[in-house]
Every structure is written in C-alpha cells, then in structure tokens.
Amino acid sequence: MDLDVFVAAHRAEWHRLEALSGRRRLTGEESDELITLYQRATSHLAQVQAAAPHAGIEGRLTTLVARGRHAVTGARRSTWRDAARYFTTSFPAILYRTRRWWLTVALVSLALSAILAWWIGTHADVRDTLVPPDELKELTKPGGEYEAYYSDHPSANFAAQVWLNNAWIAALCVASAALLGLPVIIMLFTNVVNLAAGIGLMASAGRFWLFLGLLVPHGLLELTAIFVAGGLSLRLGWTVVDPGPRTRAVALAEEGRAIVGSAVGLTVVLLVSGIIEGFVSGSALPTWARVGIGVVAEVLFLVYALFLGKRAADQGEIGDVEAADRTAQQPVAA
C-alpha cells in the first residue's frame with residue numbers, strides 16, 4: 001500500500017466524518033452519510049494496521065472512529081438498571097467462571113497458613129525469631145494487643161479504616177494482572193504469613209479458640225474476598241499466556257473488562273466484612289453469635305457466587321459489559 005496515495009484518496013472523507021461527528025443535530029441525509037463514513041473509516045483503520053502501520057495515521061483514524069461511533073450510537077448514561085445488572089448478573093458470572101482459580105488460591109493459602117501456624121505455635125525458637133518473649137506476652141495476654149485490636153477504636157471509624165485498607169489490597173491484587181499476576185503471589189504469601197503468625201502466636205499462649213472467635217466473624221468473608229482478588233488476577237495474567245480460541249486481543253479485552261470491573265463488587269463485599277469487623281468481631285456478643293454471623297455471611301457469598309453465578313453463566317454471561325457498550329471486534333466494511 002502506498003500510504004501517501006491512500007491518505008490523499010480518503011482525506012476528504014475523514015474531514016467530512018470529523019465535521020459531521022461534531023454536530024449536535026443532523027438531517028436524515030447527513031445521518032446516513034455519517035454512518036457510511038464511520039463504516040469506511042473503520043475499514044480504513046483496519047487496512048492501515050494490516051498493510052502499512054503508521055502511528056500518526058493510526059492515531060488519527062482511531063480518534064475519528066471513536067468520535068464517529070459516539071456520534072452514531074450516542075452517549076449512554078449509567079442507570080440503576082446497570083447497577084442491578086452488575087450485581088445480579090455480571091459480578092456473579094465472573095465469580096462463577098473463575099471459581100477454580102480463587103477456590104484453588106483459597107485452599108492453598110489456608111493449607112499454608114495452617115502449616116505455618118502449627119510451626120510457629122510449636123517451635124519456641126521460631127516464635128523468638130518473630131517476636132521477643134517479653135513482647136509476645138504483651139501481645140497475647142488477656143486484653144493484649146491481639147485481643148484489644150478489635151475493640152480499642154470506635155466501631156464506625158474502625159470499620160471504615162479496615163474497609164479502605166482491605167479494598168486497597170484487593171484492588172492491588174486485581175491490578176497486578178497487568179504484570180501477569182506475578183505480584184499477587186507475593187501479596188497472597190504475605191497475607192498467609194500474617195494470618196499464620198497471629199494464629200500460631202495466640203495458640204502458643206493457650207488462646208487459640210479465643211483468637212478464632214475474634215477472627216472468624218469477619219475473617220471468613222474478608223479472606224474470601226482477598227482470595228477472589230488473587231484468583232482473578234492470576235486468571236487474567238494466564239489469559240496473556242493462553243487466550244484460548246479467541247485472539248489474544250479479544251480475550252484480554254473481554255476478560256480484562258470483566259475482571260477489573262469485579263473490583264467494584266469486591267469493594268462491596270469488603271464493606272460488609274468491615275462492618276462485621278467493626279461492629280461484631282470485638283462486640284460483647286457471645287462467641288457463638290459472632291461466629292454464626294460470620295458463617296452466615298460467608299455462606300451467603302458462596303451461594304451468590306456459585307449458584308446465582310452459575311445461573312448467569314448458563315445464560316451465556318461472562319461478566320463483561322453489555323454488548324452495546326463493547327468496542328466492535330471487527331471493523332464493518334463499507
């Protein structure tokens with residue numbers, strides 16, 4: 001392709017498309033012309049990308065195609081219907097579709113936590129390496145730091161602080177997919193070590209069950225959200241390696257929109273966990289009631305992800321945005 005000849009032949013059409021796409025009102029004939037020029041511009045962009053890549057011309061045509069598409073389809077504002085669709089269809093669908101990833105992350109993380117907690121709890125030399133004996137007594141004694149952590153701060157402030165911290169961690173896990181999900185392995189291992197250290201140290205002081213009574217109410221849902229974020233990140237990272245039957249670009253676009261969009265849903269899940277941690281975990285409720293609330297919250301999430309998600313997936317949902325909001329995969333030839 002002679003790029004100069006190609007540009008000279010179509011420059012007038014591109015100028016006309018730019019002019020029409022910038023107008024607020026069009027006549028019937030102008031609307032038909034806009035659609036035709038938009039279709040041609042998408043075809044021109046595909047031709048340039050395939051036969052004579054040129055950053056400047058590709059950028060120019062990409063901008064034109066985007067403006068043309070906006071003019072043809074019109075802007076669409078988000079509505080309550082979009083939010084309802086997200087929480088009843090898109091979010092549970094991506095949770096179900098990626099269940100093998102985050103359930104595997106959960107099982108591996110919990111198994112490692114149990115092993116490390118046993119190692120810490122049964123080996124004094126390991127505990128001494130982690131925490132000096134005098135400091136350990138202060139941490140694990142009745143009313144010590146581990147126990148007081150859940151009741152020393154006003155419930156509302158504590159819940160908000162926990163929520164923001166955990167939501168940030170979940171968002172970082174999802175975002176690390178841009179680096180093939182590798183950073184998330186470090187984040188998950190750090191989470192495993194912190195969990196194991198708390199359990200192991202409290203167990204060594206004979207306060208294992210009390211600590212579980214404080215941890216389980218919010219920890220089940222909180223840890224699940226972190227495991228989901230980690231699993232989603234690894235799934236998206238794996239898409240780069242194995243896109244499946246789709247092209248890599250299409251696979252990354254579809255999975256990327258669905259997985260990155262899941263950060264919104266995980267933020268809500270962690271909000272619930274933060275509320276439980278702020279108002280239930282350190283409350284005066286009996287242990288069975290606090291643990292029961294945590295178990296109920298966890299079961300509801302699993303039912304939401306695995307049953308509602310399965311129903312959405314069976315209907316063909318993949319967790320992506322609606323078809324009308326997706327960029328066309330193939331240009332329409334004029």
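Colleague: Why is Glu-13 called partly exposed?

Modeller: Its relative accessible area is 22%, and since buried means under 20% relative accessible area, exposed over 50% and partly exposed in between, with a 1.4 Å probe and protein chains only as cover, Glu-13 is placed in the middle class. This is a predicted model, in which local features need pLDDT of at least 70 and side-chain atom pairs count only at pLDDT 80 or more, while totals for chains, interfaces and linings use all residues. Residues are numbered from 1 along each chain as its sequence is written, and side-chain values use heavy atoms, with hydrogens and water left out.

Colleague: What makes the pair of Arg-40 and Glu-13 a salt bridge?

Modeller: The term asks for a side-chain nitrogen of Lys or Arg within 4 Å of a carboxyl oxygen of Asp or Glu, and here the N to O distance is 3.9 Å, so the pair meets the cut-off. Arg-40 belongs to helix H2 (residues 28-51) and Glu-13 to helix H1, so this contact ties together parts that are 27 residues apart in sequence. Arg-40, with 33% relative accessibility, is partly exposed as well.

Colleague: How do you know that Lys-310 and Asp-314 are separated by about one helical turn?

Modeller: They are four residues apart in helix H13, and an α-helix has 3.6 residues a turn, so residues three or four places apart point the same way. Lys-310 is partly exposed at 37%, whereas Asp-314, at 55%, counts as exposed.

Colleague: Which other salt bridges can I look for, and how many does a search of the whole structure find?

Modeller: The search finds eight salt bridges. One of them joins Lys-141 and Glu-138, with an N to O distance of 2.9 Å; Lys-141 has a relative accessible area of 37% and Glu-138 one of 46%, and both values fall in the partly exposed class. Elsewhere, Glu-18, Arg-60 and Arg-67 are linked in a network of salt bridges.

Colleague: What makes up the secondary structure of the protein?

Modeller: It comes to 13 helices and zero strands, where helices (H or I, at least four residues) and strands (E, at least two) are DSSP runs numbered from the N terminus. Helix H1 spans residues 3-21 and bends by about 50° at His-10, the bend being the angle between axes fitted to the seven residues ending there and the seven starting there. His-10 is itself among the buried residues of H1, which also include Phe-6, Trp-14 and Leu-17.

Colleague: Why does Thr-224 count as buried?

Modeller: Its relative accessibility is 8%, so Thr-224 falls in the buried class, as do 40% of the 334 residues in the protein. Thr-224 sits in helix H11, and its side chain is joined to that of Glu-298 by a polar contact of 2.8 Å. A polar contact is a pair of N or O atoms within 3.5 Å; within protein, one must be able to donate a hydrogen and the other to accept it, and residues adjacent in sequence count only if both atoms are side-chain atoms.

Colleague: Which residues have the most contacts inside the largest nonpolar core?

Modeller: They are Phe-91, Val-228, Leu-266 and Phe-301, in a core of 21 residues. Two or more residues come from each of helices H4 (80-97), H11 (208-241), H12 (248-281) and H13 (287-314), and the largest share, seven residues, is from H12. Such a core is a set of buried Ala, Val, Leu, Ile, Met, Phe, Trp, Tyr and Cys residues joined through side-chain atoms within 4.5 Å.

Colleague: Where is Leu-112, and what makes up the nonpolar surface patch?

Modeller: Leu-112 lies in helix H5, and together with Val-108, Ile-115, Phe-189 and Val-193 it makes a nonpolar patch of about 420 Å². Patches are made of residues with over 30% relative accessible area and no salt bridge, like charges being joined within 9 Å and nonpolar side chains (Val, Leu, Ile, Met, Phe, Trp, Tyr) within 5 Å; Leu-112, at 36%, is partly exposed. H5 (99-122) and H10 (182-204) each supply at least two residues of the patch, and H5 gives the most, with three.

Notes: Areas by Shrake-Rupley, 256 points an atom, 1.4 Å probe, with all protein chains shown as cover.
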